[in-house]
Amino acid sequence: MAGLTSSSIGRKYAMALSAMFLLIFLIMHLSVNLLSVISKDAFNSASEFMGYNPFIQFLMQPILGFAVIFHFAMGFILEIKNNNSRPIKYRMNNRSSNSTWMSRNMLLSGVVVLAFLGLHMYDFWWHEMDYKYVVGSVRDEARYWPELHAQFGNVGRVIFYVVAFVLLGLHLAHGFQSSFQSIGARHPKYTPMIKAVGTWYSILIPAGFILVAVFHYVTQ
Ligand code: HEM
């Protein structure tokens, strides 16, 4: 791991691997959340399974926590190193002609998503840990859907979540294809396909999360 993060190529590689893990996590997370729109019982069963399965709780959850922290910390480190190694800043270039807004503002969109995650962990994860391990409340499979639904009764929270999902989409629009480039997956035939999948991914995943948040708000 130290070898992977000590060279700039290694750091980009490690960053890309953590990004790919998070891309898969987002698909799984959205799939469970969409169940809350379709069926209360299905969402409750899936949440109970995720919440008490030892493989998820004691292996995947710590790995996820590590991947999230690693991804954000490495993002800051790469940004600082890139800025320091650029003797003449982009001032001399017409930046918008050779890069997209998304690629130039990965730090900004990342910070908004990080702020969202702070609130999100407080809303759901913190409550979960308190419920299970501090208070030691009894298992109740029917509680997940009403708890989730109640969180979206506050319009301010819904607006903040939706803004964060839009910024998440912009972050993914560049991040998806960039992670493939960083691991060296570049090919005249496959790169356009990776870019197209990345574009659809960065639209559909945030749109799905927005649907869940707005659904629970309008059905209060
Ligand atoms: C409307 C959208 C969303 C809803 C309703 C939602 C719901 C939830 C819920 C209920 C949990 C608690 C899981 C548990 O029992 O521990 C959770 C955890 C989590 N969510 Fe979300 N989420 C949403 C969007 C997102 C997004 C966009 C991200 C990432 C950018 C995200 C990242 C996480 C993470 C990292 C956890 C902790 C995972 C864990 O507990 O294992 N969520 N979310």
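**Figure 1. Annotated spans along the chain.** The UniProt annotation "transmembrane region", taken from an unreviewed entry, covers residues 12-38, 58-80, 101-122, 158-176 and 197-218. The structure is a predicted model, in which local features need pLDDT of at least 70 and side-chain atom pairs count only at pLDDT 80 or more, while totals for chains, interfaces and linings use all residues. Residues are numbered from 1 along each chain as its sequence is written. Residues 101-122 are 95% helix and 0% strand, with end C-alpha atoms 31 Å apart. For residues 197-218 the figures are 100% helix and 0% strand, and the end C-alpha atoms lie 31 Å apart.

**Figure 2. The chain as a whole.** The chain holds 10 helices and zero strands, where helices (H or I, at least four residues) and strands (E, at least two) are DSSP runs numbered from the N terminus. In sequence order the pattern is α-α-α-α-α-α-α-α-α-α. The C-alpha trace spans about 60 × 40 × 35 Å along its principal axes. Of the 220 residues in the chain, 18% are buried; a residue is buried if 20 or more other C-beta atoms lie within 10 Å of its own, exposed if 12 or fewer, and partly exposed in between, with C-beta atoms placed from the backbone. Among contacts with a separation of 6 or more, 82% join residues 24 or more positions apart; two residues are in contact if their C-beta atoms, placed from the backbone, lie within 7 Å.

**Figure 3. The shell around the ligand.** The ligand is surrounded by 17 residues, of which the closest are Gln61, Phe124, Phe209, Val212 and Ala213. A residue is near a molecule if its C-beta atom, placed from the backbone, lies within 6 Å of it. Helices α2 (8-38), α4 (54-84), α7 (106-134), α9 (155-182) and α10 (191-218) each supply at least two residues of this shell. The most comes from α7, with five residues. By class, the shell comprises 11 nonpolar, five polar and one charged residue. Here Ala, Val, Leu, Ile, Met, Phe, Trp, Tyr, Cys and Pro count as nonpolar, Asp, Glu, Lys and Arg as charged, and the others, Gly among them, as polar.

**Figure 4. Packing of α2 against α3.** Two packed helices are described by the angle between their axes and the distance between the axes. Helix α2 packs with helix α3 (residues 40-52) at an angle of about 150°, and their axes are 7 Å apart. α2 is therefore roughly antiparallel to α3. Axes are lines fitted to C-alpha atoms, for helices over the stretch in contact, and angles run from 0 to 180 degrees between N-to-C directions. Angles under 35 degrees count as roughly parallel, over 145 as roughly antiparallel, 65 to 115 as roughly perpendicular and the rest as oblique. On the α2 side, Val32, Leu35, Ser36 and Ile38 meet Ala42, Phe43, Ala46, Ser47 and Met50 of α3.

Figure 5. Phe176 is placed in helix α9 and is buried, because 21 other C-beta atoms lie within 10 Å. Not counting residues up to four places away in sequence, Phe176 touches Leu23, Gly198, Tyr201 and Ser202. Phe176 and Leu148 are 28 residues apart along the chain, and their C-alpha atoms are separated by 29 Å. Tyr217 is in helix α10 and is partly exposed, with 19 other C-beta atoms within 10 Å. Tyr217 touches Phe152, Val155 and Val158, again not counting residues up to four places away in sequence. From Tyr217 to Ser182, 35 residues apart in sequence, the C-alpha to C-alpha distance is 39 Å.

Figure 6. Arg139 is located in the loop between α7 and α8 (144-151). It is exposed, because 10 other C-beta atoms lie within 10 Å. The C-alpha atoms of Arg139 and Tyr52 are separated by 9.4 Å, although the two residues are 87 residues apart along the chain. Arg143 is also found in the loop between α7 and α8. With 14 other C-beta atoms within 10 Å, Arg143 is partly exposed. Between Arg143 and His71, 72 residues apart along the chain, the C-alpha separation is 32 Å.

Technical notes:
UniProt positions are given in the numbering used here, feature names are shortened, and annotations may be inferred rather than shown by experiment.
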